[in-house]
Amino acid sequence: MMSIEAKSPPEEVSAWEKHPVTTKETRRGTVLAFLAMLFAIYDFILFGTLLPVIQEEFKWSNATATGVNTAVSIGGAIVLLVIGGIVVDRIGRRRGMMLTIGGTALGSALTSIAPGAAGIVAIRSISGLGLAEQGINATYLNEIYALTDDKKIKKNRGFTYSLVQSGFPLGAVLAAAFATVLLPLIGWRFLFLVAAFPAILLVFLRRHLRETPQFQIESQIRKLRKSGKADEASALAATYGLPTSKLSTPIVAIFQGKALRPTIVLSLAWIANWFGILTFSILGTSVLTLGKDISFSNALLYTVIINLVGFAGYLVHGWAGDRIGRRNVIGIGWLIAGVMFAIMLLWAEGTTAVVVTYAIGMFFLIGPYAALLFYNGESYDTNCRATGVNFLNAMSQVGAITAGIIITSLLASGVTWSVTAFYVGAIGVFVSGIIMWFSRHEPELAS
């Protein structure tokens, strides 16, 4: 007698699995996100890199130069938060990415004709769009990687994102390299004009990117509620495991429920850490020339070397975050960075010692951002993810503004650059590492 084996019922397919993102779509989005990050940060960092040259042309004092940079940070923070976050949760990730890189192109082109301090502040405020690039990239890729068919990327999403985020140090390297080679030939204004062309090209290339399924479903739910079909909206939300009640506006949602803790803790971490980013990354040439008595031409060369080490930091921290937790690698990295910068500023003597300790500090300062941006995206639900990520991103400018005011005040009162950089940069970075331990160990990514 033949036995008949009972067949197992087919495994239920979740609603999200009906919206797979193909390997080709995933990789195209990853490559374009990297290129956009590269050129957005090239423009953003170039201003800080060339600040000593711009300062000399306009005959600004040290305090005036840092004051102008602080005013730029204020304008950039407003643009970053309003356009980079709130607007993107309404118009979509794809359109938001086109908007930010388009803003980068516009800011670069206009900087080349800036007439003076007021004009530079107004124009460079647009650079907030370039800085918003990293937050929107994190939002877009978080959602794409969650549904991708590419099993290799899905398993190593943190490391893959670190490759994208490595556009930050590579953009800084590009800015320093171009400045080293082309500044004597074409001047600082044309260096900004050069940056506009690849950014314009990326606007057109991004038109062909796929919008994330998460945003599309969220948009359908919002339209149903707006048209008075509340029951249909709730049913659709339930199908995808989303909140069935009417959602708060994104800017309100990030201060409610489980989103409140990451908003508060990570905001404080961003603010404190950007004391260090402003000091050692954006104003790095000033630290080397005015704080450690290194010539400007050599400072540009050393900046290239230092940021290449920072690039390696991105890959290491992105890889480690997939294995021991993103919060852990961020917190540990920033604690080490704070110590290394203190050694560089207060005890390192001679060019070799300065460059080595500076480079190690940058490895552990900017490397954790490969994990941080992805960690930020994992901390929020779809309806407020872009707003949450870019709100935290905007807190970077609060840190830059506050640090800029303190630096300006200390320099104006006669404190040396090296001591100022220690008080503001090294201590700020170390404190940010402590703050990270109050965040969740590993948030669960909502689809």
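Is Phe192 buried or exposed? Phe192 is buried, with a relative accessible area of 0%, where buried stands for under 20% relative accessible area, exposed for over 50% and partly exposed for what lies in between (1.4 Å probe, protein chains only).

## Basis of the description

This is a predicted model, in which local features need pLDDT of at least 70 and side-chain atom pairs count only at pLDDT 80 or more, while totals for chains, interfaces and linings use all residues. Residues are numbered from 1 along each chain as its sequence is written, and side-chain values use heavy atoms, with hydrogens and water left out.

## The chain as a whole

The chain has 20 helices and zero strands; helices (H or I, at least four residues) and strands (E, at least two) are DSSP runs, numbered from the N terminus. The radius of gyration is 23 Å, close to the 22 Å that the globule rule gives for 447 residues, so the chain is as compact as a globular protein of that length. That radius is taken over C-alpha atoms, and the rule is 2.2 Å times the number of residues to the power 0.38. Along the principal axes, the C-alpha atoms fill a box of roughly 90 × 45 × 35 Å.

Of the 447 residues, 58% count as buried. Among contacts (heavy atoms within 4.5 Å) between residues at least 6 apart in sequence, 84% join residues at least 24 apart.

## Surface and charge

The accessible surface of the chain is about 17,700 Å², and 67% of this surface belongs to carbon and sulfur atoms; the areas come from the Shrake-Rupley method with a 1.4 Å probe, and for residues only the protein chains shown count as cover.

There are 34 positive and 24 negative side chains, and the centres of the two sets lie 4 Å apart. Lys and Arg count as positive and Asp and Glu as negative, with His and the chain ends not counted, and each charge is placed at NZ of Lys, CZ of Arg, CG of Asp or CD of Glu.

## Aromatic pairs

The whole structure holds 12 aromatic pairs. Rings of Phe, Tyr and Trp (its six-membered ring) pair if their centres lie within 6.5 Å, and planes under 30 degrees apart count as stacked, over 60 as edge-to-face and the rest as tilted. The rings of Tyr42 and Phe178 have centres 5.7 Å apart and planes at 75°, so this pair is edge-to-face. Tyr42 in helix H1 (residues 23–49) and Phe178 in helix H9 (residues 167–205) are 136 residues apart, and the pair thus links distant parts of the chain. Tyr42 is buried at 2% relative accessible area, whereas Phe178 is partly exposed at 27%.

Trp188 and Phe192 also form an edge-to-face pair, with 6.2 Å from centre to centre and 90° between the planes. These two residues are four residues apart in helix H9, so about one helical turn separates them. Trp188 counts as buried at 4% relative accessibility, and ring pairs link Phe58, Trp60, Trp188 and Phe192 into a cluster.

## Two further residues

Glu378 lies in helix H18 (residues 369–378) and is buried, with a relative accessible area of 6%. Although Glu378 and Asn142 are 236 residues apart along the chain, their C-alpha atoms are separated by 7.3 Å.

Val265, in helix H13 (residues 260–282), is buried at 12% relative accessible area. Not counting residues up to four places away in sequence, Val265 touches Ile435, Phe438 and Ser439. Val265 and Pro250 are 15 residues apart in sequence, and their C-alpha atoms are 18 Å apart in space.
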